[in-house]
Each structure stands twice: as C-alpha cells, then as structure tokens.
Amino acid sequence: MNRFISKKVTVEEPDATMIFRPGQFRRAPFRLEEKNIYLVGMRASGKTTVGKALAAVFGCDFTDTDAMIVKTAGESIDSLVARHGWECFREMEKQALAEAAGLPGKVVGTGGGAVLAEENRRQMEKTGVIFYLAADAALLVRRLLADPQSAQRPALTALELHDEVVAVMSEREPLYMACMDHMLQAHREVDQLVDDILVALGLREWDYTQKERILDRY
C-alpha cells in the first residue's frame, strides 16, 4: 500500500482534511489546435448557450450535433422521430458526432442522449476534452417550461415532465460521469461557466477568493 492510500485509511482524525496548494496539480495548457471541446449533459442544461459563448472566446466554430441532424434531415427532430423513430435519430446522431470529431479546433454541443452509445463516448474521449454540465431536475424543468422551443422536442417517455427528467437523468448521469473530464455546475452564470472551463483547461488562473468552483475530476 502506497503512502497516500495508507494515510487515507489509517488517519484517526475524523475531521482531518486535505490541503490544496495553488499550482500543486498544474497540467499543460489545453491546445484547441489539437483537440475539440465537447459539452455533454441533459436537455436544457445550457450546452448550446455555454458552447456559443466559449467559442466566441476562442474565436472558433461552435457545432451543435442536433442542428447538424436537422440540416441533414431537412426537418425538425420532433418530425424526424415521429416519422422514423428514435433508432433512426440515434444513428444520425452517431454520424453527426463522427463528422464533428473529424477535425479539431471547435466547441461541440452534443444531444442529451449522445452518451447512450459507447461509440459516441469513445469518439469524444479520443478527440477532445469533455465537460459535463450537471443540473438538478428542478432547474431543468424550470428551463424547459420557460423555453418555447422545448415544445418542438419529442418526449422521451410517456411520463409527466418532472418525472421524465428524473427518469432520464437516472439513466444518463452515470454515463456523463464516466466519460467526462470535468464537471460544471449548470446553475452558474454563462460567463462564470466559461471562466470555469478556461480554468479547467489550464488557460486561466483559479480565483481562490471564490468558494464555489468547478468540480474537477482530477
């Protein structure tokens, strides 16, 4: 057993804490020329809004895989699913993500269910850095009810909205957690989330005066 694990399992002070020193875990800064930035998370978690704001900071393209599908299909996702079913949509989603992953240098917003396919998760892990916009069910429901565009999105289950969000989140959150590199708190303001991403990528210093920051997987 190494010293780190030994200390964690043998410490006798129940209130003991670990001390983090600025710069203790520095990593090489992220290079957009080499990778993409992927945003994953539930519907209404803010992927498109944050993605566009982040792309503006980098001066790069923002790609939305749902928008790619709509353009290819020539119809809304609601219409596509109604006519051809979810299986067709998921196959088109794989194709859209593979196309987006083909070249580095962009911010990519993914559909909420993109992580359901292992092929998609591996594609993102191989070609970029993955941020999970984590939100609680109440926040997602409020946003969906306030967004007139949500009515154009197909229901995922036969449940009422709140129950559907809870059920879908229960299925997908383990997958978001498994493939993410960093977690973001979706309730934060857009500029704060952009700042959190830049900090996580090693492109901006951490403001230690703030108590609430990103939850970094590392």
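Strand S1 is covered on both of its faces: Asn36, Tyr38 and Val40 are buried on one side, and Ile37 and Leu39 are buried on the other. Keep in mind that this is a predicted model. Below, we start with that strand, then look at charged pairs and finish with aromatic rings.

- Why do neighbours along a strand end up on opposite sides? In a regular strand, side chains alternate between the two faces of the sheet.
- One partner of S1 is strand S4 (residues 128–134), and the two pair in the parallel sense over five bridges.
- To find a spot where they meet, look for Val40, whose bridge partner in S4 is Tyr132.
- S1 also pairs with strand S3 (residues 106–109), again in the parallel sense, over three bridges.
- Here you can look for Ile37, which stands opposite Val107 in S3.

**Salt bridges**

- How many salt bridges are there? The count comes to eight.
- Glu75 and Arg83 make one of them, with their closest N and O atoms 2.9 Å apart.
- Glu75 has 15% relative accessibility, so it counts as buried, because the cut-off for buried is under 20%.
- Arg83, on the other hand, counts as exposed at 55% relative accessibility, because exposed means over 50%.
- Glu119 and Lys94 also meet through their side chains, at 3.9 Å from N to O.
- This pair links distant parts of the chain: Glu119 sits in helix H6 (residues 118–127) and Lys94 in helix H5 (residues 86–100), 25 residues apart.
- Glu119 is partly exposed, with a relative accessible area of 48%, and Lys94 is partly exposed too, with 25%.
- Glu125 and Arg122 form another salt bridge, at 2.8 Å from N to O.
- These two are three residues apart in helix H6, so about one helical turn separates them.
- Glu125 is partly exposed, with a relative accessible area of 33%, and Arg122 is partly exposed with 36%.
- Which residues share partners here? Glu118, Arg122 and Glu125 are joined into one network by their salt bridges.

**Aromatic pairs**

- The structure holds three aromatic pairs.
- One of them is Trp86 with Phe89, an edge-to-face pair whose rings are 5.5 Å apart centre to centre, with 85 degrees between the planes.
- Both residues belong to helix H5, and being three residues apart, they are separated by about one helical turn.
- Are these two buried or partly exposed? Trp86 counts as partly exposed at 25% relative accessibility, while Phe89 counts as buried at 2%.
- Tyr132 and Tyr176 have ring centres 4.8 Å apart and planes at 25 degrees, so this pair is stacked.
- Tyr132 lies in strand S4 and Tyr176 in helix H8 (residues 161–179), so the pair ties together parts that are 44 residues apart in sequence.
- Tyr132 is buried, and Tyr176 is buried as well.

Methods. Residues are numbered from 1 along each chain as its sequence is written. This is a predicted model: local features need pLDDT of at least 70, side-chain atom pairs count only at pLDDT 80 or more; totals for chains, interfaces and linings use all residues. Side-chain values use heavy atoms; hydrogens and water are left out. Buried means under 20% relative accessible area, exposed over 50%, partly exposed in between (1.4 Å probe, protein chains only). Helices (H or I, at least four residues) and strands (E, at least two) are DSSP runs, numbered from the N terminus. Two strands pair if DSSP finds at least two bridges between them. A salt bridge is a side-chain nitrogen of Lys or Arg within 4 Å of a carboxyl oxygen of Asp or Glu. Rings of Phe, Tyr and Trp (its six-membered ring) pair if their centres lie within 6.5 Å; planes under 30 degrees apart count as stacked, over 60 as edge-to-face and the rest as tilted.
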